Structure formats: C-alpha cells, structure tokens
Amino acid sequence: MLPTPLRWPLLLVFAGAVCAQFRAESNLRSVAAQVKDARGNSLTGLRVEDFTLLEDGIPQKVAFFDANRPPISLAVLLDSSRSMTFGGKFQRAHALLAPLLRGNREGDEIFLVPFTDRVEQFRRLTGEERLHPPLPDKPAPQTGTSFYDALATTLCQMKFAQNRRQAIVVVTDGADQNSRLSLAQVAGLAQTSSAQIFTVGFFEKSEFESFRRSTNTIALQGEREIDNPLLVFERLAKETGAEAFFPTSDGDLKHVIDRISSILEAQYTLAYYPANIDRFRRIEVKVNRPGARVTARRGLGPDEDAEPVHFVAGSCAVSRQDHPYPWEPRLTVNPSGLTEWRDDFTDIHSGWPTRPDDHSFERAAFRYIPHGYEITFHKPSHMSAAAPLKGDVVAYGPVWGDFRASVLVESDWDLPVTADSAWQIEFRPGVYRIAAGMVFHMGPEGYYAFLLTGAPTHRAKLKSAEKQHMRFALLRRTWGGQQTELIPWTDIPPPEAPFGVLPPPVPREHKIAAEDKGGEIALFVDDREVGLQEKNFTTIRRAKDTTYGDGLTGFALFGDGSALYHDLIVEGPQ
C-alpha cells in the first residue's frame, strides 16, 4: 500500500490484473440530433425523410428513427472532491440536480456517479431513489479531481445501458489534476460511444476569467501544467453533439440544468449501420428545412492515431498497470517496509515541470540537466537594487503524510551582495543572493519550505573561521503570501578549524533532509541535525506544526541565480 492520495498526482496500489481494452459490441450506431429554426426555437414534427445522415460525406440508410422522445440512459457525474466545499458549491449543486435525476419517463435509466480522484460508485437509481436522490452529504475530504478517468469509467459502463439514447452530464468546479489518462485518450474513447457529454463547469467568476484568458494549459501552484478546463469541456461537448455550460451563480446553474433537460426532450434519434466500425468516421446530419440548424456529434469510431484506453479485466476501472503516472515506476518498497521514491533525473520524462528561461522576473525556469534538475531565477537589470527578490517553487510526485526526504542541492551560496546593492530576499535570510532548498506538504493552501543561504559575511574581511558558514530556516507559507517562521534564519556552525586558519570556501553542494512524524519536523544539513531547540535547559525539542498534514515534495529557489538538485529520495510508511 502506498502513500495516501490528496489533491494532485495521487498514488494507488499497483494492479496486477490483466486488462481489457474498451470495445463497442453492437454495429448499430445511434446519433442524437437537435434541430432549431432560424429563431433558435426547437423544430418539432419532423419525419425520417426530412433527415440526411452522412458518414464521411456519403449518405447513409437510417435504420432507426424516433421523434417521440424515447427513454434515455442518463449518467450524472458529480464532482465530490474537496474543492466543492468552497463557497458551498456542493450543497448548491446537490439541490439543483434533483429534477434532472428524477427523469421524465418510466423507461428512463438514471445513474449517479460521484467522483473525486476516483469513481466512488456507478449506481443505477431505483424509482424511489430518483425521487429522493442519494447524493453525498458533503464532499470527500483531502481529495482531488480525476475527471478524465471518471469519464472513461462512465463511458465504459454506458455500453451496458439498456436504452439506445444516452447522455452524460458532468458537474465539476475544477480542472483535471489527477487522472492517469490524457484528454486525447478520453476524447478518443468518447468518439466510440453513442453518449452525448454535457459539461457544466461550476467555477467562481474569478476562476472563469482566469481560464478564459489562459492558453491551452494553465499552471498549478507548484508549476505543473494541466489542460485548460474551458477548452476541455467545449471540445468534449462539441465532439459528442452536446453543449458546454459555465454557470457562475445558483440562478445560472438552475437555468443550465433546465436547458439540458429541454435539449434532451427536444432531440431526434437516428441510428445506422456503418460499413466499418474500426475506424473514425466524420458524421453530419442535415435537415431539408430552410434556415434549420442541426446540432449532432461530429464523428464516431476510434481514431487510429489515438492511444488505446485499458481497463482492469472484468471492470471499468482504468488500469493502473497500463496507465501509470510518470513517477510511479520509480516506487519501490525498501528493506524497512517503507514506500520509497527515487529520482536521479536521468530520465527527462520522469514528469517534473520544464519551462524555458525567458529571463522573466515573474517566474523561474525549470529544466533537466545531466543527472540533475535545475531552477533558475533572474533579477532583471532594470529593477531597483532595493527591490525585494522573489522566487519560485516546484513540486511533483506522490502525496506523502509522514515521510523523510533528502536531496543534494548545489548553488553559489558564497556570492555576497555588495554594500552598494543591498538586495533583500523577501524573508530576510541576510545579504547573500541565493536561498534554495526543499518544499514539502505542498497542497491547495500552501507548503513548508526548508531553505539554505550563505552567512552574511564578506570573505575578504574574514580573519577567523567563526563566520564562514551557512544559514537555514523553516517557513510555513500560504499561496496568499502569508508566512510564518517556524524556525527563523539560524546559523549553522562550520566544522572546527585550527585557530587563525581560514576555512575553505562554502561548499557548493549540501545534502539537506526533512522528516515529519505526526507534525514533529526534523531537519538535517550534511547529515547533521539542525533546528533543535532547548527548553528548560534540558529538553531538546524539534519544530512542531500540523497545519499541512500531507502534500507533495519539491524544491524552492529565491533570489538571483540558479540551484541544481541531485538524487532525490523520499520514503514513507505503508
């Protein structure tokens, strides 16, 4: 068993089962079509001869047609992750989804699918449950969002649904952060299914505007990039002949649910037998009415270039064996019975974020180097010497609770700031230009930072060994900028040296380690424990803090320059 999952890449037990690939079992392919007149009103009363269904531009024989709103198999995918607690979004969605879950016909088949970083259950509701939906009382704590995996599992389950007309409604407030599958994989899977995918992004207004201004990807705190959810939802909806919605209020969400219900009520169903179901075909539906506009899926069938999706044999769970996280193959169980993750950074595909150096003061550059990982941050020449220096943090891999982590960090610790340019790092380590180290328990609220910097002394003025050394600090930081010094900047005494003999220059490379057991934090520099504090002249105690109980591990650089990281090792209990 591996470390407890949280919000970002989550760690799951390895599965040794043989896995099966998703395949549709019937050659009959169903296409739902919504038809509107020039004024945007639903056009009713059409007959099969009013439609033309084309596959790759060639008209097809319609083998099945229904204009009487046949029963539907509808799956409601409800995000139950921790983020839905903010602003009461979960409770609000809970209340407004009830009408959709009731269905409209006796033959309707309704499924409720709560999901977090996994699909909690795929449940077909009874008649009584449709009147009183068994929605979760509250979101699951300490969980993230695996939208792609949850959608893939639902698409797999829908092949067993009893009705030809099928739809999936997704309600979520976040972007996918935890899935094993990619957008391309789940989009390809959607093309092999008859189900329409209606997406409802229940974002705050500020979130929506941020996503709207972003490109294809957005950066999480910690610098890992994920797909822009606005573009994801639009793509999945359009490809399957549905719509994407982005309500920002309860009134908007109610309108969206009513809108989805009315779309499903106003649709026509056409079905045909394609000549070849093993390739992707472009689909177009036309109506011989002047000014009529048709909304239908754009295509059907697997894309030959798409990577296949595999499920555990006998289930619709995404295979962990066939779709591992990039860091997962580096996990082992050590002789002490602890789960261990090692990364020497020799594999540039091990998953750490990369970003080119654009000499920007607002963000750092990240890159793999031979046997290492480098962070670079610049102070621009046009900025005032008195301006506070900034920095960046990066985190990746499994989520750890109790743990021990170590890494070799290399930098120009002994580059002093001259007297006429007294730059100050924002958390006041002294007058040296670099502060670098390790971050741990990084999550949605913040992180801990264990940082090193050079001691504030000019080497040219040294006359003894007593001042040539390093400093360290342990900080608790929030993403909002608040900071608490759990251990303030403290000198690390240098090794003993003969009287009157100048010490060697500060080494470029130091081994740093952090350990957390139940909120008691131990820190080590070059295998010597630092940060011990005396109490009542007898008791030695370590820093204690339980604000962030678990999270990701990574690196930090503040100041002007670069830091290199080598040989990361993290271990934690089973």
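Visitor: Where is the place of His469?
Guide: His469 sits in the loop between β28 (446–454) and β29 (470–478). Keep in mind that this is a predicted model.

Visitor: Buried or exposed, that His469?
Guide: His469 is buried, since its relative accessible area is 11% and buried means under 20%.

Visitor: And how are His469 and Gly454 separated, C-alpha to C-alpha?
Guide: They're 15 residues apart along the chain, and their C-alpha atoms are separated by 6.6 Å. Gly454 is the end residue of the range for β28 (446–454).

Visitor: Let me zoom out. How many helices and strands does the protein chain have?
Guide: The secondary structure comes to seven helices and 38 strands. The chain has 574 residues, and 52% of them count as buried.

Visitor: What share of the contacts is between residues 24 or more positions apart?
Guide: That share is 74%, taken over the contacts in the protein chain with a separation of 6 or more.

Visitor: OK, helices. At what angle do α3 and α4 pack?
Guide: The angle is about 20 degrees, and the axes are 10 Å apart. In residue numbers, α3 covers 147–158 and α4 covers 183–191.

Visitor: Parallel or antiparallel, roughly?
Guide: Roughly parallel, because angles under 35 degrees count that way. The crossing of α3 and α4 is left-handed.

Visitor: Which residues make the contact?
Guide: From α3 you've got Tyr148, Leu151, Ala152 and Leu155, and from α4 there are Leu183, Val186, Leu189 and Ala190. The residues in this contact divide into eight nonpolar, no polar and no charged.

Visitor: Why would residues three or four places apart point the same way?
Guide: An α-helix has 3.6 residues a turn, so residues with that spacing end up pointing the same way. On α3, Tyr148, Leu151 and Leu155 are among the residues that touch α4.

Visitor: How far does α3 reach from its first C-alpha to its last?
Guide: It reaches 16 Å over 12 residues, which is close to the 16 Å expected at 1.5 Å a residue.

Visitor: How many residues of α3 are buried?
Guide: 11 of the 12, so α3 is mostly covered. The buried set includes Asp149, Thr153 and Thr154 as well as Phe147, Cys156 and Met158.

Visitor: You mentioned α6. How do α3 and α6 pack?
Guide: They pack at an angle of about 15 degrees, with axes 13 Å apart. That makes α3 roughly parallel to α6.

Visitor: Left-handed or right-handed crossing there?
Guide: Right-handed for α3 passing α6, whereas the crossing of α3 and α4 is left-handed. The α3 side of the α6 contact is Phe147, Tyr148 and Leu151, and the α6 side is Val232, Phe233 and Leu236. Those residues come out as six nonpolar, no polar and no charged.

Visitor: Switching to backbone geometry. What is the phi of His441?
Guide: His441 has a positive phi of about 55 degrees, although it isn't a glycine. The residue is in strand β27 (residues 434–442), and His441 is buried at a relative accessible area of 1%.

Visitor: And what about the phi of Asp526?
Guide: Asp526 also isn't a glycine, and its phi is positive at about 50 degrees. This one lies in the loop between β32 (520–525) and β33 (528–530). Asp526 counts as partly exposed, with 36% relative accessibility.

Visitor: Last one: where is the place of Glu520, and what does Glu520 touch?
Guide: Glu520 is in strand β32 and counts as partly exposed at 30% relative accessibility. Leaving out residues up to four places away in sequence, Glu520 touches Glu515, Arg542, Ala543 and Lys544.

Visitor: How far apart are Glu520 and Arg541?
Guide: In sequence they're 21 residues apart, and in space 9.0 Å, C-alpha to C-alpha.

Terms used
Residues numbered from 1 in each chain as written. Predicted model: local features only at pLDDT ≥ 70, side-chain atom pairs only at ≥ 80, totals over all residues. Heavy atoms only, no water. Axes fitted to C-alpha atoms, helices over the stretch in contact; angles between N-to-C directions. Helix = DSSP H or I, 4+ residues; strand = E, 2+ residues; numbered from the N terminus. Parallel < 35°, antiparallel > 145°, perpendicular 65-115°, else oblique. Left-handed = near helix turned anticlockwise from the far one by under 90°. Contact = heavy atoms within 4.5 Å. Nonpolar A, V, L, I, M, F, W, Y, C, P; charged D, E, K, R; others polar. Expected span 1.5 Å × (residues − 1). Buried < 20%, exposed > 50% of the residue type's maximum accessible area, 1.4 Å probe, protein only.
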